Amino acid sequence: MLSPLEQPHGDEDVAPVEVQESYLPFRGYQTWYRITGSLGSPLLPLVVAHGGPGCTHDYVDSFKDIALLDGRPVIHYDQLGNGNSTRLPEQGPDFWTVDLFLEELDALLTHLGIAERYAFLGQSWGGMLGAEHAVLRPKGLKALVIANSPANMHTWVSEANRLRRDLPAEVQATLVKHEDAGTLTDADYIAASRVFYDRHVCRVSPWPPEVARTFAIMDEDNTVYRNMNGPTEFHVIGTMKDWTSEDRLPQISAAIEPLRMALREHEWLGGSSPNYADYRILGPILFLASVGKVPALAEDDRTFIAAAAAALRWPG
């Protein structure tokens, strides 16, 4: 079945894009990945990293349409512990580290044979992972797209709680009650959290199937999200609660070739992606922000995808 972008108006003969799925052997486990398009293309391959930590590729699946816009291969993967990759519910916080996911990314790039030349697009936690990757100055990273990502978790939580204060009083009371009691899996707490998510995470109602799939899988196993983030986007009590890349941002700008940059308003973050708005420091990076936190599935789906695709044409 072809997506709308695979069948442009007035052209019924567009051939479907090649799609391959497989697994990367990693630390004795398996990391699932999918390639949309051909790695034989001369265009810069794009690796897409989902958020969380602990989500799945499903909600950022529509970025595969970049392959249809200009022919570049697009690689999605489910990070270890999530989605189609090996689940490890027995592992605790000491196992789930930034270094683990950096090692997994490097292994994927090597496995696919693209470590010498690639672009990286990360959404939310995926953008944080992209920043961590970029400060290491890998020689093959030619373009970095950061979508809806913070450079400092304290800023992120502060802005999320600014929005939380605008929720109805009874919703706020329910959230506080269960956070104080530690009953974060109670049905009332989950329902109250959903009010926030509908306002600020994904505004499309009902949630698109891709978003619903991600959250359904997280309901089955939230090991990674629970350990690294916490129970919700606004109650961050996991190991990432004090994470920041602010002190290392200049290293990112020195790591990759010049790339046109766009910064669009994102109301979650007080009008701009916090700490990433200094053009003098981060000129080489493209920033994207959707109306809600989930990109490419909000009201401006095609605009968001087209912006990323257009920027990636500059370095190839």
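**Exercise 1. Determine how strands β1 and β2 pair, and over how many bridges.**

Step 1. Strand β1 covers residues 19-26 and strand β2 covers residues 29-36; strands are DSSP runs of E of at least two residues, and helices are runs of H or I of at least four, numbered from the N terminus.

Step 2. The two strands pair in the antiparallel sense over eight bridges, where pairing requires that DSSP finds at least two bridges between them. The structure is a predicted model, in which local features need pLDDT of at least 70, side-chain atom pairs count only at pLDDT 80 or more, and totals for chains, interfaces and linings use all residues. Residues are numbered from 1 along each chain as its sequence is written, and side-chain values use heavy atoms, with hydrogens and water left out.

Step 3. Within this pairing, L24 stands opposite T31 in β2. The hairpin has two residues between the strands, and R27 takes a positive phi near 55° there.

**Exercise 2. Describe the largest pocket by its volume and its lining.**

Step 1. A pocket is an open set of points on a 1 Å grid over the protein atoms alone, with protein on both sides within 12 Å along at least five of seven lines; a cavity is a set where a 1.4 Å probe fits but cannot get out, and lining residues have an atom within 4 Å of a point.

Step 2. The volume, which is the space filled by probe spheres set on points joined across faces, edges and corners, is about 580 Å³ for the largest pocket. Of its 19 lining residues, I190, D219, N222, P231 and T232 are the closest to the centre.

Step 3. Helices α6 (187-200), α7 (209-220) and α8 (223-228) each supply at least two lining residues. By class, the lining has eleven nonpolar, five polar and three charged residues; Ala, Val, Leu, Ile, Met, Phe, Trp, Tyr, Cys and Pro count as nonpolar, Asp, Glu, Lys and Arg as charged, and the others, Gly among them, as polar.

**Exercise 3. State the volume of the second largest cavity and name residues that line it.**

Step 1. The volume of the second largest cavity is about 80 Å³.

Step 2. Its lining includes G52, W125, M153 and E233. The elements that give two or more residues to this lining are α3 (125-134) and α4 (153-164).

**Exercise 4. Find the average pLDDT of the chain.**

Step 1. The predictor's confidence in each residue, pLDDT, runs from 0 to 100. The chain averages 82, and 76% of the residues score at least 70.

Step 2. Over residues 258-274 the pLDDT stays under 50. Where pLDDT is low, the predicted coordinates should not be read in detail.

Note on methods
Contact means heavy atoms within 4.5 Å.
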